[in-house]
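Open the model in your viewer and keep the selection tool handy. We will go from stop to stop, with something to select at each one.

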Amino acid sequence: MSVRVRIAPSPTGYVHVGNVRAALFNWLFARHHGGVFILRVDDTDLERSDRVYEDDIKAGFDWLGLDWDEGVDVGGPHGSYRQSDRFDHYRQAALDLVGRDLAYFDDRSPEELEALRQRATAEKKHPNSYIRRPERTATSGAIRFSVPQDAPVTFHDLVRDDMVFEAETVDDFVILRSDGAPTYHLASTVDDVDYRISHVARGEDLLSSTPKHILLTRALGGSVPTYAHLPLLFGPDGKKLSKRHGDTSLKAYREGGYLPAAMLNFLSILGWSIGSDRTIFTVQEAIAAFDLENVSKGSAIFDLDKLAWINGEYIRALSADSFREMIQAPLESEFGRPFSDEEWTRVTLVLPLVQERTKFLTEVPSQLRFLIDEDLTFDRDSWEKIMTKEGVADILRVAQIRLGGQGDFDAAAVEAALRAMLEELEVGAKKGLQPVRVAVTGSAISPPLFESVAALGRETTLARIQESLERL
RNA sequence: GGCCCCGUCGUCUAGUGGCCUAGGACGCCGGCCUCUCAAGCCGGUAACGCCAGUUCGAAUCUGGUCGGGGCCGCCA
């Protein structure tokens with residue numbers, strides 16, 4: 001059987017990581033089996049859907065490299081399409097079901113329905129069974145699917161194994177709203193049938209809707225896809241990840257200095273494992289090893305610490321050139337102007353050292369600030385902790401003299417000069433170098449000192465030491 | 001309330017009756033290295049929710065129990 005899967009996000013908010021992980025699993029599954037991956041925009045809720053969010057979904061998938069298949073026969077271009085373009089089709093499908101007596105018009109009011117519900121509860125009947133075809137026949141209103149009561153709905157879920165739902169626990173659900181718009185159940189099922197979707201891998205929150213989709217699929221004459229209900233993702237607070245939280249949107253990570261490959265790797269290990277002793281692996285390796293049967297049942301917590309670590313791993317694995325390239329735009333936008341060649345030369349000198357200690361691309365500008373800004377801003381805590389100690393003035397004065405000589409000013413020369421200073425004052429490296437660091441970089445925490453000083457250049461370095469001496 | 005799902009270190013997980021005095025990773029703690037911070041290296045902390053049962057033997061099977069979660073919309 002050829003594998004055809006789809007991811008069907010609703011463009012009602014910035015795409016959140018839970019959906020992205022579902023997309024990733026579908027994508028890995030499709031790629032593993034040489035199948036087709038379709039992007040369907042579930043915009044049946046016209047009120048809340050917005051093109052901005054649709055663009056965000058696509059930008060996010062692009063960023064991660066989750067390419068949907070182009071040229072697939074799903075109407076729209078590039079293997080993606082919008083349900084709002086097919087409303088007439090859904091409506092017709094609903095009408096056909098009514099014609100075949102598999103669905104019916106329902107013009108009962110919410111109050112009427114609520115009364116029925118209360119009665120069902122009082123009579124200890126299944127609370128879901130209150131919505132059934134009424135005696136009277138309506139010719140307008142919403143269209144409900146008439147759930148057959150003859151047999152339970154059973155299916156084998158790739159993640160949950162065998163599932164059984166008694167028919168009486170499934171209510172007659174609305175498939176077409178009274179305004180003519182299809183509901184999610186209808187549109188989704190019609191599409192899955194029309195586009196011959198073979199596997200539906202989605203969040204566990206849809207598990208209890210699955211009987212509805214199976215029943216509808218049969219009524220529509222389609223073949224029932226294989227389902228796989230993925231465990232849900234939870235936030236660090238243990239609550240379900242929600243679009244309401246900004247930091248659960250992919251967008252936040254796209255803009256927060258994360259590498260797409262790191263994000264992909266991280267999402268992959270949430271509910272799935274490539275092996276007992278591997279955490280870092282490539283997408284190719286994931287594709288080769290992935291299968292839906294191996295997805296775990298338990299829900300997972302989105303662990304930002306682990307993501308940060310993985311991101312650092314990926315950043316460190318970058319070549320110096322890629323890192324430089326990656327950092328250029330954010331750097332220049334942070335400082336509001338392109339760098340001169342001379343500035344790039346200076347930055348490049350310490351960049352590999354910065355790369356080693358970077359977890360997020362966004363933290364790079366602050367590490368390089370001392371090389372770019374004319375005026376140094378001193379970190380207050382660093383100053384108080386280091387510069388108010390005994391002997392700092394001597395250290396700075398001697399450093400000034402030692403660094404002020406003629407000749408080379410590369411890292412080795414700087415180190416020699418500063419070590420000579422330490423020897424002259426008989427002070428240890430730990431104690432003696434920190435004042436110089438603060439004077440030159442403005443902070444007690446910086447890239448390695450000798451390289452930093454060399455990158456800054458003799459003139460600026462001396463000026464900064466002088467400035468600190470005057471501030472003491 | 002009804003229906004359904006889940007339950008191994010704080011977190012992500014390996015584990016499918018004996019290889020488990022439960023392995024790896026993140027985090028955390030300690031040490032080494034060291035010009036700060038990282039990185040790296042070494043070591044440590046820490047889990048099979050609980051109770052029965054099946055079995056020579058259970059994290060693995062069964063029942064119960066407790067706990068967590070999802071869904072019960074003319075949202076998706």
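**Stop 1: T44 and its contacts**

Select T44: leaving out residues up to four places away in sequence, T44 touches Q83, A181, P182, T183, Y184 and A187. Here, contact means that the C-beta atoms of two residues, placed from the backbone, lie within 7 Å. This is a predicted model, in which local features need pLDDT of at least 70 and side-chain atom pairs count only at pLDDT 80 or more, while totals for chains, interfaces and linings use all residues. Residues are numbered from 1 along each chain as its sequence is written, and chains are lettered from A and ligands numbered from 1 in the order in which they are written.

T44 sits in the loop between β2 and α2 (51-64). These labels come from DSSP runs, numbered from the N terminus: helices are H or I runs of at least four residues, and strands are E runs of at least two. Is T44 buried or exposed? T44 counts as buried because 22 C-beta neighbours lie inside 10 Å. The cut-offs, with C-beta atoms placed from the backbone, are 20 or more other C-beta atoms within 10 Å for buried, 12 or fewer for exposed, and partly exposed in between. Now draw a distance from T44 to A94: their C-alpha atoms are separated by 15 Å, and the two residues are 50 apart along the chain.

**Stop 2: a covered helix**

One of the contacts of T44 was A187, and A187 is among the buried residues of α5. Select the whole of helix α5 (residues 184-194), where eight of the eleven residues are buried. Those eight are L186, A187, S188, T189, V190, D191, D192 and V193. What lies over them? The cover includes β2 (36-41), α3, β8, β9 (199-203) and α6 (210-219). After α5 comes R196, with a positive phi near 50°.

**Stop 3: a three-stranded sheet**

Next, show β4, β5 and β8. They make an open sheet in the order β4-β5-β8, with antiparallel pairing. Strands pair if DSSP finds at least two bridges between them.

Zoom in on β4 and β5 (residues 142-145), which are joined by four bridges in the antiparallel sense. A103 stands opposite F145 of β5.

In the loop between α3 and β4 you will find D101. The phi of D101 is positive, near 65°, although D101 is not a glycine. D101 counts as exposed because it has 9 C-beta neighbours inside 10 Å.

**Stop 4: a hairpin**

Select β6 (residues 153-157) and β7, an antiparallel pair joined by five bridges. The two strands form a hairpin with three residues between them. T154 has V164 in β7 as its bridge partner. D161, in strand β7, also has a positive phi, of about 70°.

**Stop 5: the nonpolar cores**

A nonpolar core is a set of buried Ala, Val, Leu, Ile, Met, Phe, Trp, Tyr and Cys residues joined through C-beta atoms within 7 Å. The largest one has 52 residues, and those touching the most other members are A23, L24, F25, F29, A201, M263 and L267. Helix α1 (residues 17-32) gives the most to this core, with ten residues. A second, separate core has 33 residues, including F323, I327, V347 and F450.

**Stop 6: around the RNA**

Finally, show RNA strand B. How many residues surround it? There are 57, and the closest are D42, R177, S276, A429 and L449. Near means that the C-beta atom, placed from the backbone, lies within 6 Å of the strand. To this surface α17 gives the most, with four residues.
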